[in-house]
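Please look over the sequence and the 3D structure shown below before reading the briefing. The notes after it are meant to be followed with the structure in view.

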Amino acid sequence: MKTPLIPARLIERLRTARRVVVLSGAGISAESGVPTFREAQTGLWEQYSPEDLATPEAFARDPKLVWEWYAWRRNLVRQAEPNAGHLSLVEMERKIPEFTLITQNVDGLHRRAGSQTILELHGNLFRTKCSNKNTVVKTWDSTEVPPRCPCCAGLLRPDVVWFGEMLPHETLQAAQQATEQADIFFSIGTSALVYPAANLPIFALQAGATVIEINPQPTPISAQMTFSLNGAAGTLLPVLLTETWGH
Ligand code: BV8
């Protein structure tokens with residue numbers, strides 16, 4: 001008999017769960033054609049590692065290069081569509097009384113898919129801010145690369161959290177609160193290498209939640225998971241929904 005993709009015990013718990021929290025990473029956007037953060041960068045960007053570009057030091061050293069890397073990623077994401085994994089989480093949000101989606105992704109695909117309660121821990125590619133005052137800037141007529149702030153002429157930058165920068169305080173606090181109250185916590189498509197996001201699945205375990213990982217590869221937290229489902233989010237999440245709520 002084929003081993004079920006999804007353990008029956010998991011289905012039963014999900015069916016009766018009140019509070020479900022999902023932490024997503026770049027892996028959930030992989031099937032939309034958006035390269036994951038640590039997968040080799042393609043084309044022009046092959047020679048760079050994301051960790052080297054997503055830092056304030058890189059932006060200070062070469063603002064044009066960093067701005068153009070983000071412009072390239074925005075272009076890539078604009079051509080991408082949310083996939084079955086994103087859409088399954090929209091469906092799950094409709095079925096669960098208290099559902100919170102925490103994402104490390106900056107691609108905005110969860111919102112485009114229709115998710116409502118989203119905590120963007122690392123900001124969003126499509127929001128731009130002044131690097132002097134940290135205020136969001138919606139329009140500018142500067143034609144420089146990167147463009148300059150219409151108010152103070154400071155360099156504009158993507159409104160994302162770079163390595164070595166603090167995460168937005170309220171967003172992180174809301175994520176930690178939801179995590180501590182979760183009955184079920186999913187860690188989906190993340191290598192669980194980046195902190196403080198990578199603390200959340202462990203906090204959930206410590207608070208007594210059932211913690212489920214969905215990833216085709218093992219990660220540093222796989223061995224601690226209540227359930228570790230080895231597969232792609234775009235494949236496993238639709239099956240999980242059908243097995244739990246049948247449609
Ligand atoms: C902070 C936005 C306090 C930008 C990102 C030394 C000095 C300073 C800080 C540190 C330090 N040492 C450690 C730290 C902390 C540091 C950190 O964690 N570093 C790591 C590398 C060790 N963290 C920080 O700096 C954070 N800030 O700590 O502030 C502070 C301040 C000063 C000094 C000390 C502390 C800020 C972290 C946020 C960085 N910004 N993104 C941008 O995107 O350009 S993080 C970046 O990584 C993305 O957001 C990405 O989402 C995130 C995590 O990666 P993943 O999402 O997990 O993606 P990855 O590619 O790694 O993995 C994909 C997974 O998907 C894989 O497991 C794969 O198997 C799986 N997968 C593939 N296909 C599928 C799939 N899964 C399911 N289905 C599929 N189809």
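The model is a predicted one, and the points below are grouped by topic.

**Helices H6 and H10**

- Helix H6, which covers residues 84–95, packs with helix H10, residues 233–245, at an angle of about 30°, and their axes are 7 Å apart.
- Because angles under 35 degrees count as roughly parallel, H6 and H10 are described as roughly parallel to each other, and H6 passes H10 in a left-handed crossing.
- On the H6 side the contact includes Ala84, Leu89 and Met92, while the H10 residues that take part include Leu237, Pro238 and Trp245.
- Sorted by class, the contact of H6 with H10 is made up of nine nonpolar, three polar and two charged residues.

- Strand E6, residues 184–188, runs parallel to E7 and is joined to it by five bridges, with Thr210 in E7 as the bridge partner of Ile184.

**Strand E2 and its partners**

- Strand E2 (residues 98–103) is mostly covered, with five of its six residues buried.
- Strand E1, residues 19–24, pairs with E2 in the parallel sense over six bridges, and Val22 stands opposite Leu101 in E2.
- Three bridges join E2 to the parallel strand E3, residues 118–120, where Glu120 is the bridge partner of Thr103.

Conventions:
Residues are numbered from 1 along each chain as its sequence is written. This is a predicted model: local features need pLDDT of at least 70, side-chain atom pairs count only at pLDDT 80 or more; totals for chains, interfaces and linings use all residues. Side-chain values use heavy atoms; hydrogens and water are left out. Axes are lines fitted to C-alpha atoms, for helices over the stretch in contact, and angles run from 0 to 180 degrees between N-to-C directions. Helices (H or I, at least four residues) and strands (E, at least two) are DSSP runs, numbered from the N terminus. Angles under 35 degrees count as roughly parallel, over 145 as roughly antiparallel, 65 to 115 as roughly perpendicular and the rest as oblique. A crossing is left-handed if the near helix is turned anticlockwise from the far one by less than a right angle, and right-handed if clockwise. Contact means heavy atoms within 4.5 Å. Ala, Val, Leu, Ile, Met, Phe, Trp, Tyr, Cys and Pro count as nonpolar, Asp, Glu, Lys and Arg as charged, and the others, Gly among them, as polar. Two strands pair if DSSP finds at least two bridges between them. Buried means under 20% relative accessible area, exposed over 50%, partly exposed in between (1.4 Å probe, protein chains only).
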